[in-house]
Every structure is written in structure tokens, then in C-alpha cells.
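Good morning, and thank you for joining this presentation. Please look first at the sequence and the structure.

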Amino acid sequence: MSSLEQKYLLGLTLVPGLGSARIKLLLEHLGTAREVWSLTDGQIRALSLPSDVRDSFIESRKKIDLAKQLDMVSASKASLLTIVDPGYPPLLKEIYDPPIVLYVRGVLSASSSKIAVVGARLMTTYGHQVTESLTTELVANGLTIVSGLARGVDAMAHRTALRSGGQTIAVLGSGLNFIYPPENKHLAEEASDQGALISEFPIDSPPARGTFPSRNRIISGLSLGVVITEAGEDSGSLITANVAAEQGRLVFSVPGPINSRQSQGTNNLIKLGAKLVTGVGDILEELKISQTSVGAEMVEIVGSNERETKILSQLSLQPIHIDVLAKATKFAVSELGGMLTVMVISGKVADLGGSFYARKH
């Protein structure tokens, strides 16, 4: 693609009110971005657009310095990837309103198989455990992890992918020069070194109320499916799940304790038809990917004595209440509580809160 076409596509995205869906229609009906940008004022007024958008287009062309905008991108160590570029992700191009221009820091591979992992910002110990476990195995099976760099599950998914030697894509609800939340700035730098940091918003754009739902459609649009590992009833990750379903993407949900507020969203998704996930095999089966076992790379957890072995035999990665565990092992709850405390300290068992426990992976 010519640098001129890239420049004019960038210009169109900077026109307030025009939006990606309208730009896509203009390109389909009028040809190149250069031709659209070069329309006369009279031709713009004849377009079937709202009057305020036509006025915005006419006025914006007078004010936008395209050369300066390109210089800002270059100065921020980023590049532009446009919808007419052969390297544009094909899955993302399929959605109703694909971003016309993506600002990219790092390398956004068009060919890699991608899976989104998102969830609660207020992540519990259980959410931490299942996110880390599933992400590790997804990476081991060759998938690139996509998420939104938010606190909680998103950040854990990115960090786990990086620690596992995989690639990760962080999609921002702000410009690349405005990392939010600020404590994830170093994580963003790591993601750009071992994958990509991307946004459809101009380089210096701060986050705003409407930018995150817009960001979510890119997260799901890039991906074969979306995995929600933990989410409350009003979690923003549920927006991503809904958008994914609208885009025809697979939606996967990890069940959680019925008395945990942070699992109400994921449990409700399962009721509504999301694929229930109790292990990575549930995801890979739907994606038609042959599973590569990572068990040989994981340290086997064994009991230090017969009583610990008995407890471990009743534990899995899914939460179990201490009362249920006491009944299964035939230990008194008071006695079992002490043994579990020792096993949590030794790293064999995860205390998920609310008297729920699980085996460490």
C-alpha cells in the first residue's frame, strides 16, 4: 500500500463522527482513501451522511495536519496498519465495524491463531489460579493470548503468556502513549517486545468512558474465541463476551463458586449457552486444535504423608468447600482446616477464600 493511501486513511479516522463503519462504506462505494479525502465540499454535502458528520468532514480537513500526525506515530516508535494492508488480521476484517487504522507497537502477526482471555478486575485467588493455568496451556498449544491490559485477569493473562514464552497482544482503550492503568506500563512494554501493543485511538488519546467497549470489539474480533475466567454480574468482560457472540466467535466460560460474587457473571454465561470450561481441552476441542500435553513440564504435587495424599486425591483445580472435603476424606473439619493450612503454606493447595480450596497446578 502506498504511503499516500495510508496517510489519507489516517486522516479519515481523525474526522469526528465519521467512524469505522462509515469509512468502510465510503471506501467500498468511492474507491481509495485519497479519493474520499479529495472530495469537494459539494460532493461531501451530497453524501448520504448525517448533516453534522458532513459538516465535521468539511471542517476537519482544514485543521488536520496529516504530515504532523504521521511524524507523531513515528516518534512514538509505532507503525500504522490499515484495513487495506495485506498484513491486516483477516478475522478482524470480518467484523461489522473493523478499525480502519491500527496503531501498533511491536509485531501484530496476521497468521497466528489468537484466543482472548479476559475477566474481572477484582480477581480472586481462584481467578488468579484458573487464569494462570489455562493461559499457560493455551500458550503451550501455540495460541497467542489477546487481552485488554486491565487490572486483574487481563494483566494476569498477559504476564502468564510472557512468562510461558508465548506471544501476547494488548489492546488499549487509549492511545499508545497513554497506558492505562499506569501500573501496567512495564507490562505494556514487555507485551510490545514479545508481541504487540495496539490501539485504534490516536497516539496521545486518554481513555474515556466509551473507548473501552470499542476496544472490546477488537479483542474479540482478533480472536477465534473469548475465554472469561472470572467475572461478576456487571463485569466489563461480559461486554466482550456479548460482542464475541454477535461476531460469531466462540465464548468460553469458567464456572466458579456459587457463593462468589466474582463468579456470578461466568456462571450466568454458561446458563446462556457459553461453553463450560473445566480444562484447556474443552477450548481446544471447540477450536479443533490437537492438544499438546504440558504435564511433563509441570512439577507433580504429592502429599508428604498419607493424610495429605488422601486430601490431594479429593482435590482438583475446581473449588471444593471444606465441609464437602471433610465428608469425602472423613476428617473432622477442625482437623482438616489445620492440615489444609500447612498444605497452603507448602504450595500444594490453593486457599480460594470462603472455605473453598483447590489443588495447586
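Predicted model: local features only at pLDDT ≥ 70, side-chain atom pairs only at ≥ 80, totals over all residues.

Residues are numbered from 1 along each chain as its sequence is written, and side-chain values use heavy atoms, with hydrogens and water left out.

An open sheet of 9 strands runs in the order 1-2-6-5-4-3-7-8-9, with mixed pairing. Strands here are DSSP runs of E of at least two residues, and helices are runs of H or I of at least four, numbered from the N terminus; two strands pair if DSSP finds at least two bridges between them. Strand 1 (79-82) and strand 9 (275-276) are at the edges and have a single partner strand each, so one side of each lacks a neighbour in the sheet.

Strand 3 (residues 114-118) pairs with strand 7 (residues 225-228) in the parallel sense over 3 bridges. Within strand 7, Val-226 is the bridge partner of Ala-116. Helix 8 (residues 125-140) packs on the sheet and touches strand 3, strand 4 (144-147) and strand 7; contact means heavy atoms within 4.5 Å. Helix 11 (residues 211-221) also packs on the sheet, touching strands that include strand 5 (168-171) and strand 6 (195-199).

Which residues of helix 13 (residues 264-271) are buried? They are Gly-265, Thr-266, Asn-267 and Leu-269, where buried means under 20% relative accessible area with a 1.4 Å probe, protein chains only.

Notes: Axes fitted to C-alpha atoms, helices over the stretch in contact; angles between N-to-C directions. Buried < 20%, exposed > 50% of the residue type's maximum accessible area, 1.4 Å probe, protein only.
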